[in-house]
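I opened a new notebook page for this chain. The entries below are in the order in which I looked things up.

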Amino acid sequence: LSAESQDLAIVGGGLAGLATAFHLVQKAPNTKITIFDKTLPGCGGASSVAGGLLHPLSPKGKLVYLGLEGLSATNRLVDAACKA
């Protein structure tokens with residue numbers, strides 16, 4: 001992909017970068033986005049080791065605030081990334 005053909009560039013292919021790209025494409029489907037990362041998106045950095053922080057339950061098994069909604073949003077993000 002050439003830089004001239006892109007509308008937006010995101011530096012970092014971790015959870016924050018991928019979530020940003022996901023939400024931008026949801027709001028503007030024709031947006032062309034390039035994600036720059038030193039590894040494959042989602043495969044390096046803090047996001048690759050801290051994914052457990054997205055768990056919808058507390059250590060004692062109680063549902064945290066917006067836990068199910070967060071889990072659902074995370075699953076949609078992962079599904080979209082896998083299809084890309």
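**Entry 1: confidence.** I noted at the start that this is a predicted model. I looked up the chain average and found a pLDDT of 76, with 68% of the residues scoring at least 70.

**Entry 2: layout.** I listed the secondary structure of the chain and got three helices and two strands. Along the sequence they follow the pattern β-α-β-α-α.

**Entry 3: strands.** In which sense do strands E1 and E2 pair? I found that E1 (residues 8-11) and E2 (residues 33-36) pair in the parallel sense, over four bridges. From E1 the chain crosses through helix H1, residues 15-27, to E2, and I recorded this β-α-β crossover as right-handed. I also looked up who stands opposite whom. Leu8 has Ile33 of E2 opposite, and Ile10 has Ile35 of E2 opposite.

**Entry 4: surface and contacts.** I took the accessible surface of the chain as about 6,400 Å², with 63% of that belonging to carbon and sulfur atoms. Of the 84 residues in the chain, 17% are buried. For contacts I looked at pairs at least 6 apart in sequence, and 51% of these join residues at least 24 apart.

**Entry 5: Ala16.** I placed Ala16 in helix H1. Is Ala16 buried or exposed? Its relative accessible area is 60%, so I put Ala16 down as exposed, the cut-off being over 50%. I also checked Ala16 against Gly42: they are 26 residues apart in sequence, and their C-alpha atoms are 9.8 Å apart in space.

**Entry 6: Ala80.** I found Ala80 in helix H3, residues 67-83. Ala80 counts as partly exposed because its relative accessibility is 30%, which falls between the limits of 20% and 50%. Ala80 and Phe22 are 58 residues apart along the chain, and I read a C-alpha separation of 7.6 Å for the pair.

**Entry 7: Thr31.** I located Thr31 in the loop between H1 and E2. Its relative accessibility is 24%, so Thr31 counts as partly exposed. Which backbone oxygen lies 2.9 Å from a polar atom of the Thr31 side chain? I found that the oxygen is that of Ala28. Last, I looked up Thr31 and Ala21, ten residues apart along the chain, and noted 9.4 Å between their C-alpha atoms.

Definitions and conventions. Residues numbered from 1 in each chain as written. Predicted model: local features only at pLDDT ≥ 70, side-chain atom pairs only at ≥ 80, totals over all residues. Heavy atoms only, no water. Pairing = 2+ DSSP bridges. Right-handed = clockwise from strand over helix to strand, strands pointing away. pLDDT = per-residue confidence, 0-100. Buried < 20%, exposed > 50% of the residue type's maximum accessible area, 1.4 Å probe, protein only. Contact = heavy atoms within 4.5 Å. Areas by Shrake-Rupley, 256 points an atom, 1.4 Å probe, with all protein chains shown as cover. Polar contact = N/O pair within 3.5 Å; in protein donor to acceptor, adjacent residues only side chain to side chain.
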